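Biologist: I would like to learn how to read a protein model. Could you walk me through one?

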Amino acid sequence: MPRKPEEIEAVGQDSFLDVITNVVGIMIILVVITGIRAGKAPPAAESTAVVHPSVPPAAAKYPTANNVVDPTELEKLRSKQAAARRELEALNAELRTAGRNNRALEEEVQKLDQTTAQLKQQFEITLARRSQFTSLLAEGELKLQSERARLSAEEQRDFDLQRQLAAARSEVAAATAALSQPVPTAAPPAVEIAAYATPLAKVVDGEEAHFQIKNGRIAYVPMDELIELAKKELKPQIDRANSITLLQELTGEEFRCGPRRGFELRYSLDILLDREQSRVKVALRRFELVPDQENLGETLEEARLPNSQFQRDIREFSPRNVTITLWTHPDSFAAYRAAQTLLQNQGYATAGRFLPPGTYIAGSPNGKKSLTQ
């Protein structure tokens, strides 16, 4: 059935309105998208620096008042940079020179240390030899006096004259040698010489106090106390031997006593039969004082302190009546010299006894007496 004209016109108007509505919607969407993109875009630079045509692009980082680099200022900056570079090179050269000088000084110090150690060792050896020569000189003097005592009065007078004549001849020879030397035109430089006690020693006849110096440490040796203790311990054993045969069996046997203050006394006896007086004499053959540890006593630095054990020990002895004998092992010559000086400064006479390597303090009736300086 055919449509009416009114119906056809109504349908055409509706389609036209739909098309217009769709177009408007699309335009609105495009406007929104354009606005969003415009909000995310970076802002444009407001101004740019203007570089002088004659200045290279790198100079643009040095702006002036008009934001343009001046060639004169740039040249000054380059001059300062070159001067700073030259100054830095000069400082580096000085640093290298100082390093070389420092290494040279360190080598010189090491050489001086080695030379000092060698001289110190030679000095200690010389002191030890001088002490040995002193002992030999004193022993020779004793033998000379003993031989002189055997001579008659007239022979002694002749002997003394011969000695005086020999001494006078030595003085004349020395004076002649001195006169033959050319006279110096200028005074020689002054040399400081350390003065020690006179090397002319004398035999110790009075009371002695004994100390050991080993490993650089000094320790009191109670020699007299141990000998008295040995006598007390030995007396009951001798009393029990009611025959000469039993007493003679003790000859050569080793006895021990102590320890006291770190030392043990080891000794042997001689049993002597005096037939004229019908009695038996017990005599000491030999003794040794053996330390019970390696490092006894105090170092010299500790011994110098007023309340040290060393100071307390020597205060028990009078400087007027007692000689301090220092039994010194080969490793402690320097400590011996320091201890000797310390004792002499406090008014004590000292005697040095030098022990061979691997030996202990020992004695016998046939031994030599100490020599004091």
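**A patch on the surface**

Modeller: F16, L17, I20, V24, I28, V32 and I36 make a nonpolar surface patch of about 660 Å². Patches are made of residues with over 30% relative accessible area and no salt bridge, and nonpolar side chains (Val, Leu, Ile, Met, Phe, Trp, Tyr) are joined within 5 Å. A salt bridge is a side-chain nitrogen of Lys or Arg within 4 Å of a carboxyl oxygen of Asp or Glu. Areas come from the Shrake-Rupley method with a 1.4 Å probe, with only the protein chains shown as cover for residues.

This is a predicted model, where local features need pLDDT of at least 70, side-chain atom pairs count only at pLDDT 80 or more, and totals for chains, interfaces and linings use all residues. Residues are numbered from 1 along each chain as its sequence is written, and side-chain values use heavy atoms, leaving out hydrogens and water.

Biologist: Is L17 buried or exposed?

Modeller: Buried means under 20% relative accessible area, exposed over 50%, and partly exposed in between. L17 has 52%, so L17 is exposed. L17 lies in helix α1, residues 5-40. Helices (H or I, at least four residues) and strands (E, at least two) are DSSP runs, numbered from the N terminus.

Biologist: Which residues of α4 are buried?

Modeller: They are M223, L226, L229, A230 and L234.

Biologist: Where is the kink in α4?

Modeller: A bend is the angle between axes fitted to the seven residues ending at a residue and the seven starting there. In α4 a kink of about 30 degrees lies at L234, shortly before the proline P236.

Biologist: And the whole chain?

Modeller: The chain has eight helices and 11 strands, and buried residues make up 22% of its 373 residues.

Key
Buried < 20%, exposed > 50% of the residue type's maximum accessible area, 1.4 Å probe, protein only. Patch = residues over 30% accessible without salt bridge, like charges linked within 9 Å, V, L, I, M, F, W, Y side chains within 5 Å.
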